[in-house]
Amino acid sequence: MIGRLWRCALLLPVLLGLSAPTLAQQSLSIAEVQRIIARAVNEAQARGRPATIAVVDRVGNVLGVFAMNGAAATAAVTSGRSVTTGLEGANVPASAAAIAKAVTGAYLSSNGNAFTSRTANQIVQEFFNPLETNQPGGPLFGVQFSQLPCSDLNVRFVAASVNQNIGPKRSPLGLSADPGGMPLYKANILVGGIGVIADAIYGLDRNITDFDTDSDELIAIAGSVGFAAPVGIRANRIAVDGKTLRFADRDIESLVSAPAAAPAFAAINGVLGTVQAVTGYTNGAVIVDGQAFGTAASGYRLDNSGLFADLNGFVLVDGTNTQRFAPRDATDGGLTRAEVTGILRAGLQVANAGRAQIRRPLNDQIHVTLSVVDTAGTVLGVVRTPDGPVFGTDVSLQKARSAAFFSNVAAAADLTAGGFASYVASTRALLGPNALADGFAYAARSIGNLARPFFPDGNSNNQPGPLSRPFPSWSPFSTGLQLDLIANNVVQHLNFVTGASGVDTAVGCTGLPLQVATGMPRLANGLQIFAGGVPVYKNGVLAGAIGISGDGIDQDDMIAFLGTHNAGLQLASGVANAPMALRADNLAPQGIRLRYVSCPFRPFVNDDTQTPCSGK
Amino acid sequence: MNLARTTGLAGLGLLVALGAQAETLNSKGARLAPVKVPIAAANVGKTVELGGDVPTASHVMASMPDGRSLQRTNQGYWLPWDGTPASLIDNGFQPTGGLLTFKVLKEDLTQRFLPVTVTVAYRAGGQLKFGVFDVVPE
């Protein structure tokens with residue numbers, strides 16, 4: 001009911017033609033951040049588990065990092081699968097681990113869904129649910145490698161800059177699947193996240209059939225008391241593919257401390273631990289106020305350009321309240337500004353009419369971010385619904401770039417030049433000798449088919465997909481091409497955070513060839529390998545792609561595909577989805593047909609249409 | 001910190017000695033060392049070795065974190081750029097002793113997103129050779 005009332009309040013000013021703020025706004029104060037940390041420290045102290053604790057706001061600004069005396073300075077990355085490749089075995093700074101977990105709680109959540117890093121754990125593994133063999137991989141398989149420190153979209157913290165508090169901020173380790181990252185709410189409004197690491201392991205939970213007593217999670221729960229997610233929107237009230245998601249394995253009844261009786265922050269700071277300075281994330285050892293999401297100061301606000309406000313579209317802005325990623329012409333002579341605007345508007349219309357998969361109450365509309373790129377990976381436009389989870393900002397761009405990249409006849413050459421010829425060879429062994437140079441159109445879902453540790457997905461007896469590591473050396477920390485493309489960026493950034501290097505990772509991920517138009521590789525914020533993006537064609541020629549992220553993957557697929565289709569009809573300029581003969585679902589290696597898009601059945605709130613994507 | 005244990009990753013040795021070598025441009029695009037600046041008074045230039053090339057034109061472009069593509073004029077102004085090499089303006093920088101120095105910007109960057117990604121380029125022998133670096137805060 002709260003969500004429905006909120007939605008009515010959201011739409012009313014639009015219906016009335018007003019320009020009033022359309023998203024309820026709350027933020028964390030310094031005193032509240034201190035209270036959250038103090039309660040977490042109190043629980044950690046009671047458990048004898050000294051912890052590092054981070055608090056962020058909804059757009060990833062680090063509001064405070066506190067390291068208790070005796071807390072481990074580093075955490076070991078491990079999936080528990082005896083894998084030694086990828087990031088497995090690395091020792092990462094505890095502060096980076098805590099920040100990544102806090103960011104995960106904040107970024108995966110919204111005012112309509114509260115997800116934790118335990119939720120993330122459930123949806124990024126080789127089976128969904130984890131350890132349920134003969135099930136497909138997690139629906140957000142690969143999302144852990146988003147919000148990367150090399151992203152050109154996510155913002156870097158720069159002290160004394162007008163953009164100091166603008167989001168979305170990057171994360172030092174991407175998103176986390178290690179329990180102990182939770183969202184924080186005030187008056188039912190998402191205001192940030194808390195991340196805790198006390199066990200010196202940056203890992204995941206492979207067995208979700210039991211209920212763990214995880215010190216990281218319990219300390220985070222204690223910290224969130226008074227700022228806990230509304231019960232009705234928690235992950236354990238939300239199902240995907242008939243499977244209920246997980247929020248936490250324990251609740252406040254399992255705490256051994258009394259949060260309300262926790263000492264004041266002033267009594268613990270300098271006594272039980274100290275506030276930390278984290279290079280690249282804080283302006284010294286300080287605690288700061290959070291930003292209210294939806295205000296210009298947060299980097300997200302209602303559009304005022306006249307292009308999207310009638311659809312309640314939100315845009316990204318910089319610290320001078322100037323729009324970021326306003327629609328523009330392509331750099332390759334393909335899409336025009338008007339066509340980009342038309343594609344984004346048509347996508348927003350689908351989202352506004354669609355029924356959300358991951359939000360409560362039921363029948364709430366879809367909330368997502370939409371990104372359009374050209375064939376060089378240039379961002380041509382970004383727009384959002386008001387309450388899309390923040391993670392979808394970067395991920396929508398990843399999906400768009402991934403679809404454009406793999407559909408480009410230059411994909412094989414780019415990968416080979418970047419040092420990834422082995423992945424080209426394995427793809428060609430499966431799909432044919434000219435694969436990735438033959439002009440087939442790959443949706444993000446098709447790329448995902450090729451990037452799972454089993455092909456086809458779900459059967460542990462199958463060979464790996466050509467973009468994946470073989471299962472014995474696969475884990476969420478060692479995925480294959482996706483990680484290999486950005487591993488050096490992550491390592492260089494962590495060396496910068498620790499002070500081992502004075503040079504941070506460059507803007508623009510991967511070592512793939514630089515594009516003159518952008519000064520960056522085509523996959524400038526990394527490869528994404530789960531559904532929700534399709535290439536866009538103009539007069540039968542690849543012109544770029546659209547990526548969607550923030551709701552269920554079928555909903556994301558539908559907005560990308562149907563939005564492009566509808567835009568093509570409205571624009572009548574040659575813009576369209578890929579010609580049917582070029583789509584990757586014409587490829588059936590070993591008799592297994594690749595998938596292109598999958599749209600939900602009866603997906604609209606006030607419309608009985610059953611299969612809106614069929615035949616298009 | 002034991003990032004060296006990240007076995008299976010190629011190229012971790014690239015993490016040292018950035019910027020220690022002479023920098024050159026090439027037709028596929030070169031990664032150049034970042035330039036650190038005081039953001040309130042940034043003064044950015046870049047010198048590259050020509051390796052025998054004789055530039056016939058020189059260019060400076062920037063990808064802004066707000067999504068805009070800009071190029072520098074020969075008078076030091078920044079204009080929107082459509083991303084195509086054909087529309088690049090010659091900045092007219094002259095080689096000296098086998099080196100070419102690009103003037104990039106001199107301004108207060110506190111109102112800008114950082115890092116700014118800068119591309120420097122010249123035309124020689126019918127090719128556009130370019131390199132990319134980040135302008136980062138000190």
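How many residues of chain B are in contact with how many residues of chain A? In this predicted model, 45 residues of chain B are in contact with 54 residues of chain A, where contact means heavy atoms within 4.5 Å. Residues are numbered from 1 along each chain as its sequence is written, while chains are lettered from A and ligands numbered from 1 in the order in which they are written. Local features need pLDDT of at least 70, side-chain atom pairs count only at pLDDT 80 or more, and totals for chains, interfaces and linings use all residues; side-chain values use heavy atoms, with hydrogens and water left out.

**View 1. The two domains of chain A.** The domain assignment, which is automatic or from a database, divides chain A into domain 1 (29-275) and domain 2 (314-407 + 531-591). Taken over C-alpha atoms, the centres of these domains are 29 Å apart. In domain 1 of chain A, 33 residues are in contact with 23 residues of domain 2 of chain A.

**View 2. The interface between the domains.** The size of an interface is often given as the accessible area lost when the parts come together. Domain 1 and domain 2 of chain A bury about 2200 Å² between them, of which carbon and sulfur atoms give 56%; buried area is the accessible area (1.4 Å probe) that two parts lose on being put together, summed over both. Of the area that domain 1 of chain A buries against domain 2 of chain A, A:R58, A:D152 and A:L153 supply 23%, more than any other three residues.

**View 3. A salt bridge at A:R58.** A:R58 forms a salt bridge with A:D387, and the closest N and O atoms are 3.0 Å apart. A salt bridge is a side-chain nitrogen of Lys or Arg within 4 Å of a carboxyl oxygen of Asp or Glu. Between domain 1 and domain 2 of chain A, the count is two salt bridges.

**View 4. The interface between chain B and chain A.** About 3700 Å² is buried between chain B and chain A, 58% of it on carbon and sulfur atoms. The count of salt bridges between chain B and chain A is zero. The elements that give two or more residues to the side of chain B that touches chain A are β1 (30-31), β4 (57-63), β8 (116-124) and β9 (127-137) of chain B; strands are DSSP runs (E, at least two residues), numbered from the N terminus. With five residues, β9(B) gives the most to this side of chain B.

Key:
Helices (H or I, at least four residues) and strands (E, at least two) are DSSP runs, numbered from the N terminus.
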